[in-house]
Every structure is written in C-alpha cells, then in structure tokens.
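I opened this notebook to keep track of what I looked up. The entries follow the order in which I checked things.

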Amino acid sequence: MSQRWSIALFALVMALFPVLPGIPPFWMVLLDNIGLAALVALGLVLLTGVGGLTSFGQAAFCGFGAYTTAVLTTSFGLSPWLTLPASLLVTGLLAVVLGLITVRLSGHYLPLGTIAWGLSVYYLFSKLEFLGRNDGISGIPPISIGSLKMMSAGSIYYVIWSAVLISSLLTLNLLDSRLGRAIRALRRGHLAAEAFGVQTARAKLLVFIYAAILAGLSGWLYAHFLRAVNPTPFGAQAGIEYLFIAVVGGAGYVWGAVLGSGIVVILQEILKSEMFSALGEGQLEIVVFGVLLVVLLQAAPGGVWPRVAAFWPFERRSDKLPAGERLAARPKVDIAGKMLLEVQGARKQFGGVVAVNDVSFKISPRQIVALIGPNGAGKSTTFNLITGVLAATSGKISMLGRPIIGLPPQEIVRRGIARTFQHVKLVPDMTVLENVAIGTHLRGHAGAIASMLRLDRRDEARLLAEAARQIKRVGLEGQMYQLAGNLALGQQRIVEIARALCADPILLLLDEPAAGLRHNEKQQLAALLRQLKHEGMSILLVEHDMGFVMNLAEQIVVLDFGTKIAEGAPSEIKSNPDVVRAYLGVAA
Amino acid sequence: MNTTILLLLAQDGVTNGAIYALLGFGLVLVFAVTRVILIPQGEFITFGALTYAALASGKLPGTAELACALGFVAFCVEMFSIRHQFTTGRLVRATALYILAPALALVLAQFACRGTSSATINIALSLMIVGPIGLYLYRIAYQPIAHASVLVLLIASVGVHLALQGLALLFFGAEGMRAPTITDVAASIGPLRVTGQTLAVYIVAASLIVALWLFFGHTVYGKALRATAVNRIGARLVGIRTVLSGQIAFMLAAGIGAISGILIVPMTTIYYDSGFLIGLKGFIAAIVGGLASYPLTAAAAVAVGIVEAFSSFYASNFKEVIVFALIVPVLLARSLSAPIMEEEKD
C-alpha cells in the first residue's frame, strides 16, 4: 500500500470514529488529548528526532499560544478565529527570540538551555498579574462555526484532528524536499551540510520556529477545548512529557508522534482511572508509569513506530530513475591564462602547534594536483583552510585572482570549490540519491512554505535528476536507493564524489578518494578524474596510494610536518631526496 | 541597601550554594562516567533527608525496605543477564551486593531506631541505605541501555524520577519532616551568626570538592572512570570494567545526594517532592560548569545561591524566573567561547 493511501485510510478511520454508535464521550476527550499532544510531539520529531536539537521547552510554546488567545478573547472580546493567527504570530515571534539564542548553544548546552528558559517561562506565567498568576484565566469562549459552538469534546475533535493530519502532511512534505534534506543532515554534524551551502544556523532556526508554531497551535486548541488556562500544563513536567512522547513513538518519525501520544495518553489514563484507584494510594500510578517508561525504552530504544511500521505493507519507493529538466550549469568564466587557485604562505596554528607552515602552491585550470605527505603532514588542514572550515592564522588564498580567505564554507562552494571528506560524512539513514542531492542545494530555490505545499516539485525534480546523473557518472546507479550507511566504505567515498560533482564545481578537492577501493575500482576512479579534467575541471587530491597519484597527477606538492618540502612533476618528486627521507626515514 | 542585609543574603546564598555545589558534583560525576543526566538526583536528596530524619526521630525509614526491594529486583535482572555465563563467583557477588547488603542495612536500621543512636551512626546508616539504591537503579534501569543515545538515557531518567517520586510519597507520606541539627555550636561574627550546621555544610562541600578533584585527576581509577565516558569501547579494550564504573558513579552520586539531604533537613522541612527543585538548582550549577569541571561547578553553584538569595529579597515573586533565565546567557557565552568543531552524534 502506498503511503498516500495509508494516510487516507487513517484519516477515514479517524473521521468515522465519533459517529460510531456506542462510543463513550470520555473516549472523545481522550482522543482530543492525544491529538493535542501529537501536535506538539510532531514539532519535536522534526526538531529533535530529525534535526537533532533536543528541546524540553515545547510546553512553554503551548503556553504562549494558549495565553495569547485567553487574554485576547476574555479581555478584548476577540473571536477565537481572529486570535488563531495572533496566537501563532506571538508564538512564532517568541520562538525567533528564544531560537536565536538556543540554536547557538552547542552540544549538551542546548537541551539544558531549553530546560532553563522553559522553567523561567513557566514561572513567569504563574507570577504575572495580567495572566492571572497561578489561577490562570477562565471563561474562554469555545470555537464556533456559524451557530455551532464547539463546547463538547466530540465537536472540537474534528478541528483538532484536522490540524494533526494537515500538520503531519505538511511536515512529511517538508522533509521530502531540498530543505528537508538539509534539516535531516543537521543531526550528523555541520561540516558536510555547510560544505554544500546549507546555512545550518538558519535551518536550525527554521525547525525551531516550525516546532514552536505547532506547539502554539496545540496551545490555542487547548485553551478553547478546556476554555480555561493555568500555568501547570506548561511547566517543566509537561515539557519533559512531550519529549518523552516523541521518543516513545520514535523520535525520527512523523507518525511516531501520533502513535507515541496515543500510547502515553492512554497509558496515563488507564493508570489514573481504573486499576489503581482501588488501591487508594494517590501516586502509585506514577510509579508504574515511570517503570513502564523505562521498560519500554529498554525494549524499543528506537521508539515503537519503526516496530509497528515493519508490519504494515508499505510500498517501497519506486526504483525508477528520477527524471527532470537539466539544471543550468555554472556560467562559463574566462579562465584561460589565470591561476585557478593560489595559496600563498597559508599558515594555521593550533596553540603552539603549527599544522600548516606558510605553505604556497598553485593550481591552474584543467590540472590535477596531488597533495601528499606522511600522516599528520597538514594535508587535511590545508583542505580545511581552502574550503573555509578553518580560519587561517595568516596567508592568502585566492581563486581566479579574487581572495577567498575568510569566506564561510557556504560561499566558497558557491564560487565553485566542492570537496569530499577524509572521514566520510554522509547521512547513513538517507538514501544514496538523497545524500548526493544535498550537493545540489545551492542550485535549487524552493523555500520551506513552497516545500510544505508541494509547490517545489519542478525544482525538486531537476535537483534529483541532477543527483541521479552524477550517481550514474560515478557508476553507482545500482545503489541509488540504498541507504548510504549500508554501502562499503570505498563506495561511500565515491558517493561523496558524486555529491561534490552535484555542486557543479570548477575545482574539486578530494580527500583520500581511493582509500578502501579495490584495484579495478581505483582504475575506474582514475578514468573518471581524467575525464573530469578533460571537461575543464581542476582537481586537488590528497592520497596515500602512490601508484594512483603518480599516474594521475601532473603536479605534486609534498608536505611534511606542515611545511612544503617539495613541489614538481611526479618524476621529479620520486627522485627528490627530501621526499624520500620524509617517507622512509633519514637512513634511506 | 545596608551592609547587614547584604552580608546576611550573601551568607544565605553561600550556604545554599554549597548544597547546590554538592548536587552539581553528583550530576557531573554521573554524566562524565555514564552520559546519563541524573534527574533522579533530587530523589536522592529527599531519600537522604527523610531517612536521616526518620532515624533521628526513632522511626524505621521506609527507604531501608525500598533498598531491599530494589536490591532484589536488581538481583533478578543480574541473574537473568548472566544466565549464559553463570558462575558461582558471580552468584556469590550478586547475592552479597544485591541481597545481603540492603538486608544488613535494614537490620541495623531496626536496631538504630529502637535505641537512641548518635547523629554519626544515623548519618552512616542513611548513606548505607541510600547509596546502594543508586547502584541498584543503575543496574535495573540504565545498564541495559548503557549504549543508547544521551536523549534515550535522559528520558529513562525521567521515568526513574517519576517512579522514585511516587515511591517517596508511598514510603514517607505527604507530611514534611525536619531533623534536629547536627551540632548546636554557634558563634557570631559581627552581624552574622555562624551555626555548626552551616559550618558543616561548608566543610563537607569543600572536602568533597577536593576529594573528587583528587580522585578524578590523580588516581588511576578516577581516570578510568573518565575514560569510560569518552569512549566505552576504547575503555573496555584497555581493560576498564565499564559496567562497574557506572555502578560506582551512581552509588557515589546517590551518596552525595543523600549527604546534601542530610545537611539541609535540619535547616528546612523536606517533603517527598522537595528534592526535585533543589536538584534543579544543582543542575544549573552543573550546566554552567559544562557538566565537566568540578571547580567551575562549585563557583557556579555559589553564584546561583547568591543570585537566588538576592532575588528572593528584592523580587521574591520572580525569584525562579530570574535564577533560571540567567543561565541562558551563561550557556550562550560558553557555547560561543568554546565552539565545538564537529559533533559526531547518532
């Protein structure tokens, strides 16, 4: 069954649910609560599961949404439908403020930071006079359409679940797009994404705001569902619970959010109502709840959704090649007679260690240059200086006569320098095609809204077609729909080359491309690189396989302990006594 | 502002800060070794405080029985997990650790609450009861998922926290408890009155800082614990028993939590759920210390205590808002001053 039909079936079941005879009204309340929690968890799936930003503060955003509408409807008498955009706007604006701070936090500071502001927002709710302090605000009007006032759990049910379904679809669309790939790459670190032009801070801020707005929507619905708000449901406990829903459901999966909130809300309800009320001990259910939580995580650390989805007959995505118009190529600039890349006295110091010591070399158009040297010679650091990952301590680097030193990696790839990494940086749970398509990031234009509304399909088809073309070019079309993490390491390096080619570079930087390849694979790679050169590309490669380097490169630069010790044609390098000494020791 | 108030607030802040520092250490310790963010730290405070208070008032603390129950569960989990590599030595060790140790503590506690035992005995007994609870929790809840991501471990922590808080209510009831002070010695320095209790807080906090610093910086075993945190597989390859490291870290953290509880309970009434908020403040200190540095954590804890004391005086309504909001800029400054080159996560 295709995903589309599965969703339609789910929507139908949910739509028919309330009209089934004999459904207790209490079930409707439960379902409403599940929907409300699912909305928040959905944001967390994107933020935490996909984007890797753990937030404990989502309850605060629910609070912003709920209190905005509470104040506007009770104090100013506005209609709930008017306060909906207001709630989302307030939540969104506050998310921008909190997000600008939060996404700059690194590592473990980030989740901890969200706890901190989450708590202070909660205390703010409970102390501010105009928000009713601990008592909150009551007497909020229900949502109404015409004369229909949605007072009961059964009537607001459709509003809540429409919101859940629409948000889920929009989220799925967003994930399956140019921006979605960028977001999915965030969790694996910034370097690879930034090397292909992704503005990682902006992408993080985007998911942060998106998740916050979903939480704000849930808060708005909550306020009109209960028709009263108080600080308790927006505190630390709730923030933790939402995260917990996302993790139980399966933090990387959109439908995991819905499933997770179903599991958690129903579990809480069962524990609260039936079994344990008989025992009379007020808090025993929370003990059981905590224990079940731990047991559940031990049984399914990846969440419940992937386990369930394995039983559902989802159709695998079609294996046909993506078709689309050709992307516009980089405008040809006149490079005849100019130096493509000039490195002059580049220096990088880490504290007292000089990793790159005033290294200079040049690359002309259509030239293959190799950078060799023993381990620790500073080759990868040189790469990082050229691509803007590291800031040089001193020296000049220019491309076609224009200085590129000090530019961020995103700008350098825009100028036409694309790279691969010594330690492969692919997203293992994305397909080869999707990984390679990250390379096309700068050649597409669709933004978040267009992606969510599926207005990006032409743009998207072009990008995927380009990715497919480059995969074919490097000879991996058989693996296009495999997960990148399942490929052999040598093949993953080739995938990285295809990704770099997608950026339509003038200069390709390859960090140990032949490592892990078999003999004939190396020959194919060499043939490919020669062909690229004939098409007008220059290549700078770091490689330890001397046979490969000597056959391929026209110019070789040798580094040792950060210092250039030789430069020249392969034949000169082979007989250079300094090079021999660096590789084989003094006695040789 | 007059100087007396200033001094009094500062003293109050430093005393609370010292407690927060202790808690911060427990968190840093556990995180550094196991990558678990120990949300149940607050419950260890509660357990320590209420166990000590119960013993001091001649009652049998419920935690003694809880330790036996958890020990038994841990024993079962252990037996199940070693069923394929079963040896008598392991059985003996598990029985001693999980069954006999808490049983002994229970028997001793029964003796202690019958007669009038001294404060020292009560403290030792409280530690003997609460410390192993930490170890058993690690065995039951965390050890099976020791390789999981920080996020999953964190959520598991939430589960443990909820369960323990419920158990605290079950064992101690909703009534708060307070214990007599450890000593009644007091002296006045100018306007300040220094009691034996606050002095004990300072001394314990300071000596634990030194002890932990010596342990982690200057002993082979401490370094082994740190190595476990950086790379579990690597640590195992060089012969470090990572499981044992985790258990020891948890036992120490539970012990530290219990000591904090024992130190506060003569100064303020502790309820079954008081630990969480106190623990959070320690948490803040640990965060500011980057979950890594003990001296920084101590400094941050004292700062948190002082900020709290002053804001409760000048803007008591917004005390928590201020305390928690102030962390964010600190975190930001730390992130910007030491940007991480590349985090490889999964």
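Entry 1. I began with helix α5 (residues 119–142) of chain B and α6(B), which pack at an angle of about 120° with their axes 11 Å apart. The model is predicted, so I noted its limits: local features need pLDDT of at least 70, side-chain atom pairs count only at pLDDT 80 or more, and totals for chains, interfaces and linings use all residues. Residues are numbered from 1 along each chain as its sequence is written, and chains are lettered from A and ligands numbered from 1 in the order in which they are written.

Helices here are DSSP runs (H or I, at least four residues), numbered from the N terminus. Axes are lines fitted to C-alpha atoms over the stretch in contact, with angles from 0 to 180 degrees between N-to-C directions. α5(B) and α6(B) are therefore oblique to each other; angles under 35 degrees count as roughly parallel, over 145 as roughly antiparallel, 65 to 115 as roughly perpendicular and the rest as oblique. I found their crossing to be right-handed (the near helix is turned clockwise from the far one by less than a right angle).

I then listed the contact: B:L137, B:A141 and B:Y142 of α5(B) with B:L153, B:A156 and B:V160 of α6(B). Contact means C-beta atoms, placed from the backbone, within 7 Å. By class there are six nonpolar, no polar and no charged residues. Ala, Val, Leu, Ile, Met, Phe, Trp, Tyr, Cys and Pro count as nonpolar, Asp, Glu, Lys and Arg as charged, and the others, Gly among them, as polar.

Entry 2. I looked at where chain B touches chain A, and the contact takes 39 residues from chain B and 40 residues from chain A. On the chain B side, α6 (150–172) and α13 (319–337) each supply at least two residues. α6(B) gives the most, with 14 residues. I sorted that side of chain B into 28 nonpolar, five polar and six charged residues.

Entry 3. Which residues of helix α8 (residues 220–230) of chain B are buried? I found B:L225, B:T228 and B:A229; buried means 20 or more other C-beta atoms within 10 Å of a residue's own, exposed 12 or fewer. They cover an arc of only 100° around the axis, which puts them on the same side of α8(B). The arc is that of the directions from the helix axis to the C-beta atoms. On the other side of α8(B), B:V220 and B:V230 are exposed.

Terms used
Contact = placed C-beta atoms within 7 Å.
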